[in-house]
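Subject: Structure handover

Hello,

Here is the structure we spoke about, with the notes on what was found in it below.

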Amino acid sequence: MRISDIRARSNKELMELLSSMRAELFTIRLRVSSSEPGVRSTSKRFIRRDIARILTCLRESKGS
């Protein structure tokens, strides 16, 4: 997800997206730990980065 896409959303949308991304990260962690076939552990990295981008935008909007 691009930072410009994130900045175009409202804070409420970002909070909803953040909660869904955290839930998705949780399910991926469970699937990787249980050695489920077809799960890429690299997708965790992308989701973590998207979560960090969302949190950064939330903090930027809160500060200004």
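A charge is said to sit over a ring if NZ of Lys or CZ of Arg is within 6 Å of the ring centre and within 35 degrees of the ring normal. By that rule, the charged end of Arg45 sits over the ring of Phe46, at 5.1 Å from the ring's centre. Please keep in mind that this is a predicted model. As for pairs of aromatic rings, the structure has zero.

Next, the core. The largest nonpolar core has 12 residues: Ile6, Leu14, Leu17, Leu18, Met21, Leu25, Ile28, Ile47, Ile51, Ile54, Cys57 and Leu58. Both α2 (11-33) and α3 (42-63) supply at least two residues of this core, and the largest share, six residues, comes from α2.

Then α3. This helix has 22 residues and spans 32 Å from first C-alpha to last, close to the 32 Å expected at 1.5 Å a residue. Its buried residues are Ile47, Asp50, Ile51, Ile54, Cys57 and Leu58. Seen down the axis of α3, these buried residues fall within an arc of 125°, so they line one face of the helix. The cover over the buried residues of α3 includes α1 (3-7) and α2. On the face turned away from the buried side of α3 are the exposed residues Arg59 and Gly63.

Regards

Terms used. Residues are numbered from 1 along each chain as its sequence is written. This is a predicted model: local features need pLDDT of at least 70, side-chain atom pairs count only at pLDDT 80 or more; totals for chains, interfaces and linings use all residues. Side-chain values use heavy atoms; hydrogens and water are left out. A nonpolar core is a set of buried Ala, Val, Leu, Ile, Met, Phe, Trp, Tyr and Cys residues joined through side-chain atoms within 4.5 Å. Buried means under 20% relative accessible area, exposed over 50%, partly exposed in between (1.4 Å probe, protein chains only). Helices (H or I, at least four residues) and strands (E, at least two) are DSSP runs, numbered from the N terminus. The expected span of a helix is 1.5 Å times one less than its number of residues. The arc is that of the directions from the helix axis to the C-beta atoms. Contact means heavy atoms within 4.5 Å. Rings of Phe, Tyr and Trp (its six-membered ring) pair if their centres lie within 6.5 Å; planes under 30 degrees apart count as stacked, over 60 as edge-to-face and the rest as tilted.
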